Each structure stands twice: as structure tokens, then as C-alpha cells.
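Subject: The structure, and what I found in it

Hi,

Here is the structure I promised to pass on. Please have a look at it first, and then read my notes below.

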Amino acid sequence: MRVTPRRALRAAIAVAVVAFLWFALRDQWAQVGDRLSDLSALSLLAGGVALLGALLASMQLWRVLLADMGSPLGAAAAARVFFLSQLGKYLPGSVWTVVGQMELGRDHAVPRARMAASTLISLAVAIVTGLVVAAATLPFVLVGEARRWLWLAWLIPLGLVALHPRVLAWGFNTLLRLIRRPPLQQLPTVRGLAAAGGWAVVVWACYGIHVWLLARDLGAGGGPDVLALAIGAYAAAWSLGFLFVIAPAGAGVREGALVLTLGTVLTLPAATLLALVSRLLVTFAELAWALVALVMARRARPGSAGPEPAGDTSAVQGE
């Protein structure tokens, strides 16, 4: 096999991802490995299954938007692009997931600009829906601290305006014009954005269930109020963690926000343990889906999703 600069670069990035992922897992295990006995094996297993569901719904969120923009991908191709690129979040900075999706998308005739736009829009949908979920839950289950979370509601109208198709078209095409690239031929419709929002709700529900399962073992109780708190707490923590772009995968910020909110139903040590165990389980779940994607990729030929529409071939060539 001829080694091209592109293959060499991919190999270098893959080695870097494996190295940083190894260090992340080693550090996370060192923090909680000897304390996992505080949690039942059933809760850890069920929480892991919930996380796998959350990540699968995240892929569907992105896949719906990409299809709405004119590049539908089959399950195997979508899994390969999405789950392998997600490991890029363990590299310093927050651009590697987008870069990875753009590069892997080329194997399936998806224009770089379209792939980047779909990734950024899917993240925006997740953040906005995360804020909606947090604002709809936390003020009601944290009655004594409701004012602390009401500020989230003020960000929602701004997020919804930013996600309007006309605003998205103006923003992305202005940026592409500045860097002398062809404009996007197709952006998500209102229907596509609504479908993505529906998948985002599933994402937050699954993430919240995994927190709720762990919190029950640590003494928080298993009532619906704790479930609502868990869903809202993780949605808020994830959104804040992602916005803190310096930290790889939101490390530290997400845990701090979770401890802050869950500290109302758990002791500080228990809330801290939950946040750290959650981070470890998320890492294992992302690694598991990446391995599944690799197996699926070996059984499916790249490009099986079909050729790129002729009307947007300039976007491929121009990038």
C-alpha cells in the first residue's frame, strides 16, 4: 500500500488519539478505580447501557441534519465517521472532532463545508436543547436555588434565533465567502432541525438516566424529582463543559457543574465520585462505539451511501 501524505497524517492523528485516550483512561481509573465498590455492578452496567443509547441518539441527531443538508449516510458509514471522529475530543482543543469528521466524510463524498456545517449545527442543537432541558427542570427541583438557574432561560431565545435556517445560511455563507469558498447549496430545514431537536431530547434523557442510576446507589433516592434533577444537571453540565473549549472533552468543567447541582441530594464526596465515575463510563462508551464502528467499516464499502448530488460538486473540489 502506497503511503500518501494524507494516510501518513491520518496515522499520526490516530496515534495521538490513542495516546491521549490511554492517558485519560489511566487518570480516570486512578481517581475512581478503588471506589467503584461503592456502586453496584448492576447500576454500572445499566448506566453504561444508557450512555450507549445517548451516544447512538447523538449520532442520529447529526445524521438527520446531514441528510437534511443533502448527504444521507447509511448506518455503517455514519457510525464510522461519527464515532471515530468523537475520539478527537480527547486531544487538546475542541476542533479535532470537526476536523476528523471533515476528513472521514471525504471517503463518502461529503463536501468538507457541508460536513463542518452539519457538525457545528448539531452541536448548537445539542447546546440549545440542553439549555431548554436544564431550564425546564432545575428551577423546579431545586426550589431553594431556582434563581441560580433561571439565567439559562435567557440564552434560549438567542439560541433559537441562531438556529433559524435563514440565520444559519447567512452566517455560514458569510464565513465561506470570507475564506473564498463556494457557498453551501443546502442547509437544514425547520423540519430537519425539529427532528434533530427530538433526538437531542432522547440524548439528554439517556444521559440523565445514567446519572440517576448512579445517584440512587449513592443515597440520592430514586424518585421522579431525582430523575428530573439528574437529567437537568447533566444537560447543564455538558453545555457548560462544551463551551469551555480549552479543556479536552470539557474535563473538569462538566464534573464541577455536576457536583454543584447533585450536591443538593448527595454529600460532596458522593457527588464528586458520581461525576468522576460518569466521566469514566462516558469514555468507555465512546471507545466501545468506536470499536463497533471499526468492525462495521470493515464490512461496508466506503461510499455506499451513494454519489454526492451534482449540484454541490464544486464544494468538494473547492475545498
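The protein has 12 helices and 0 strands, where helices (H or I, at least four residues) and strands (E, at least two) are DSSP runs numbered from the N terminus. From the N terminus on, the order of elements is therefore α-α-α-α-α-α-α-α-α-α-α-α.

A word on the source before the details. This is a predicted model, in which local features need pLDDT of at least 70 and side-chain atom pairs count only at pLDDT 80 or more, while totals for chains, interfaces and linings use all residues. Residues are numbered from 1 along each chain as its sequence is written, and side-chain values use heavy atoms, with hydrogens and water left out.

Now the overall picture. Of the 319 residues, 49% count as buried; buried means under 20% relative accessible area, exposed means over 50%, and partly exposed is in between (1.4 Å probe, protein chains only). The accessible surface comes to about 15,300 Å², and 70% of that belongs to carbon and sulfur atoms. Areas come from the Shrake-Rupley method with a 1.4 Å probe, and for residues only the protein chains shown count as cover. Contact here means heavy atoms within 4.5 Å. Among contacts between residues at least 6 apart in sequence, 75% join residues at least 24 apart.

Next, the inside. In soluble globular proteins, nonpolar side chains tend to be buried together. The largest nonpolar core in this model has 86 residues. Such a core is a set of buried Ala, Val, Leu, Ile, Met, Phe, Trp, Tyr and Cys residues joined through side-chain atoms within 4.5 Å. Those with the most contacts inside it are Trp-62, Ile-121, Val-125, Trp-204, Leu-262, Leu-266 and Val-277. Among the elements that give two or more residues to this core are H2, helix H5 (112-141), helix H8 (190-217) and helix H11 (268-299). Leaving aside residues up to four places away in sequence, Val-277 touches Val-32, Leu-36, Leu-39, Leu-44 and Leu-214. Ser-278, which lies in helix H11, is buried with a relative accessible area of 2%.

Just after H2, Gly-70 takes a positive phi of about 110°.

- Arg-80 and Asp-107 meet through their side chains at 3.0 Å, N to O. Arg-80 lies in helix H3 and Asp-107 in the loop between H4 and H5, so the pair ties together parts that are 27 residues apart in sequence. Arg-80 is buried at 15% relative accessible area, whereas Asp-107 is partly exposed at 22%.
- Lys-89 and Glu-286 have their closest N and O atoms 2.8 Å apart. Lys-89 is in the loop between H3 and H4 and Glu-286 in helix H11, so this pair ties together parts that are 197 residues apart in sequence. Both Lys-89 and Glu-286 are buried.
- Arg-112 and Glu-103 have their closest N and O atoms 3.9 Å apart. Arg-112 is partly exposed at 26%, and Glu-103 is buried at 17%. Glu-103, Arg-106 and Arg-112 are linked in a network of salt bridges.

Finally, two loop residues. Ala-109, in the loop between H4 and H5, has a positive phi near 60° although not a glycine, and is partly exposed at 29%. Arg-180, in the loop between H7 and H8, is another residue other than glycine with a positive phi, about 60°. Arg-180 counts as exposed, at 76% relative accessibility.

Best wishes

How values were computed
A salt bridge is a side-chain nitrogen of Lys or Arg within 4 Å of a carboxyl oxygen of Asp or Glu.
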